Amino acid sequence: MNSSIKVSKYEKKLLLKNYLEKNVNRSQTLLNSNQDAIFSMDLEGYFVQVNPAYEKLTGYSTQEAVNMKLQSLIPVESLDKVFHHFHKAVLGQFHNFDCRMTNKAGQTLDLNLTNIPISVDDQIVGVYGVAKDITLLKRKKEELRKMEEIHRSLTEDVFDLIVCTNLQGELLYVSPACEHILGYTREELLNRNSLSLLHVDDRDRAYANVKNALINQENGSGSYRINKKDGSFIWVEILCKPIVDPDTRLIVEVVCVIRDISERKRAEEEAEKREDTYRDLVENSPDAVIIAKGCDMLFINETGRRLLGASKKEDILDKKLLDILHPDLRDTAKKRAEILNNEAAMDFIEYKLIRLDGTVIEAEVKGMPTIYENKPARHIIFRDITERKKTQQLLLNSEKLTIAGQLAAGIAHEVRNPLTAIKGFLQLMEAQVDNKTYFTIIQSEMERIEIILSELLLLAKPQELKFEKENLTTVIDNVKTLIDTQAIMNNIQIEIENDCEDLLIRCDKNQLKQVFINLIKNAIEAMSHGGIITIEIKQYGLDKIKIYIKDTGNGVPKQIIKRIGEPFFTTKEAGTGLGIMISKQIIENHNGKFHFWSDENGTIIEVILPIS
């Protein structure tokens, strides 16, 4: 056929068919024995002929394949590339490229595809395709790439210096950390002998250690000085690992990890200064600290001086340790000191201390063994718990007040009901009797009873307020300290989130503590299965503070939440219904506000107070 004559697509299909039929016997053996998938396509991309390897690769039989186009096997992301190379083949160009294919089972495979134009009488009538499955090869390359990346990360991105040397000590590999640690570039160190970098006084020791590691084929380590490029030196710790050929069992190279330990060395060299550091730490401790040897006090910090009321430390150190203890507790202190001398740390115990002005304060005391001026001594911690004791007493008084309130409210409630009935019937009887002398006396006495009942109810009411500037954080911390034990016993955790440290408010501290004790106790009682109580302290505007008390109990029904704060209304079996009412009254007396919210997730109590 003359090449200048144009041939239609239909005619080209016939030419391709005839061409394949003429060559079927010659090519059949080659197609069947080839491990690569070989197929022929017409100019529209329809499969015309496929070999068994194609069927195995794609999962489609010959009968299925001849009704399919190449594009039906190609994922969307690879279509542009496949169409491009197919078009080039139609124009007479050979093309080899990688792409992806989806087989009949839905698996995505990586292929290396070669397109070969089929020419008959100088007309391109079809395209041969040769597909090689390179999925496994791609995966191995990806795994190798990942391993190389991991190796690079381990060696190039770590702060430690990693080097490889041959048996003569010449540097074959140096990680980039060399420039940061030693000041040398990698090129400046390669092929250099590693021993030349060591401080001259350390080379013999390092050589002996490496030699021993090589002979025994075991890891070696040591601390040495290495010279930096600027002439200074650093202390390093070197860990060497011989790399052994698994076939010959001979060492082929040595890998070393070098870590800068200059800081650690400097710390070790400054060990003699630790006494001063220890002294500084003790001096600035918020707890009072005394260092004692026997009955002699060797040191006291500034907090201890203030706690004992001395104008200068010498006034304390001139005394004996037992002089600052209450006489009733001196025997106990001696016994604990004997136990402590056997190097057994003691728990906190309560003592009474005598200040220099003669006043007695209560404190927690704990002793532990220590070394002072290179000699065994006792480190004794004192914590003033006077304020805590007052708060505990306040809690005890609160319990007493609650009991008294329950008693008073119970008496008033039980007596007033029959008293009302008696007064009513007495008035009816009075109207029917002429002589009213006795009725007047009885009426007077009944009024007296009502007055007595009113006075009993005062037991459940707050006392007169005494306003002073107080730290709100301290007040709440004290309350938490008191309630923590009860909370822990009920599997409840109390958390404080404070955004307003050192905030002063004008309040009656004891009455405010009573409010928070009541509210937190109510929260504890609402969580029978444990939970979390959160106390949040936040500033509200410029002149107010908000305190939220949140629990994770079962909540309070809406019909009940409306009645909270009413006198004698309570859902507790042993309650009086006065606690919330009193708390609310205290807050209002502080020009504050009191709000409740509750649902099935718990209850939130909001207290708003003015800032001092």
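A charge sits over a ring if NZ of Lys or CZ of Arg is within 6 Å of the ring centre and within 35 degrees of the ring normal. In this predicted model, Arg 225 lies over the face of Phe 233, at 5.8 Å from the ring centre. Likewise, Lys 265 has its charged end over the ring of Trp 235, 4.5 Å from the centre.

A word on how to read the values: the model is predicted, so local features need pLDDT of at least 70 and side-chain atom pairs count only at pLDDT 80 or more, while totals for chains, interfaces and linings use all residues. Residues are numbered from 1 along each chain as its sequence is written, and side-chain values use heavy atoms, with hydrogens and water left out.

**Strands and hairpins**

Helices (H or I, at least four residues) and strands (E, at least two) are DSSP runs, numbered from the N terminus. Two strands pair if DSSP finds at least two bridges between them.

| Strand pair | Bridges | Facing residues |
|---|---|---|
| E1 (37-41) and E5 (123-133) | five bridges | Phe 39 and Gly 129 |
| E8 (220-227) and E9 (233-244) | eight bridges | Tyr 224 and Val 236 |
| E9 and E10 (251-260) | nine bridges | Ile 243 and Glu 253 |

E8 and E9 form a hairpin with five residues between them, and Gly 231 in the turn has a positive phi of about 95°. The hairpin of E9 and E10 has six residues between its strands, and there Arg 249 takes a positive phi near 60°.

**An open sheet and its helix**

E1 and E5 belong to an open sheet of five strands, in the order E2-E1-E5-E4-E3, with antiparallel pairing. E2 (47-50) and E3 (95-102) stand at the edges with a single partner strand each, so one side of each has no neighbour in the sheet. On average, neighbouring strands are turned by 30° against each other, direction ignored. Helix H5 (76-90) packs on this sheet and touches E1, E3, E4 (108-120) and E5; its direction makes about 140° with that of E3. Contact means heavy atoms within 4.5 Å. Axes are lines fitted to C-alpha atoms, for helices over the stretch in contact, and angles run from 0 to 180 degrees between N-to-C directions.

**Aromatic rings**

Rings of Phe, Tyr and Trp (its six-membered ring) pair if their centres lie within 6.5 Å; planes under 30 degrees apart count as stacked, over 60 as edge-to-face and the rest as tilted. The whole structure holds four aromatic pairs. One of them joins Phe 39 and Phe 47 edge-to-face, with 5.3 Å centre to centre and 80° between the planes. Ring pairs link these two and Tyr 54 into a cluster. Phe 39 counts as buried because its relative accessibility is 4%, and Phe 47 is buried at 3%. Buried means under 20% relative accessible area, exposed over 50%, partly exposed in between (1.4 Å probe, protein chains only).

**Nonpolar cores**

A nonpolar core is a set of buried Ala, Val, Leu, Ile, Met, Phe, Trp, Tyr and Cys residues joined through side-chain atoms within 4.5 Å. The largest one has 35 residues, and those with the most contacts inside it include Leu 472 and Phe 516. Among the elements giving two or more residues to this core are H17 (472-489) and H18 (509-525). H18 gives the most, with eight residues. Another core, of 24 residues, lies apart from it and has Tyr 54, Ala 89, Leu 109 and Leu 111 among its members.
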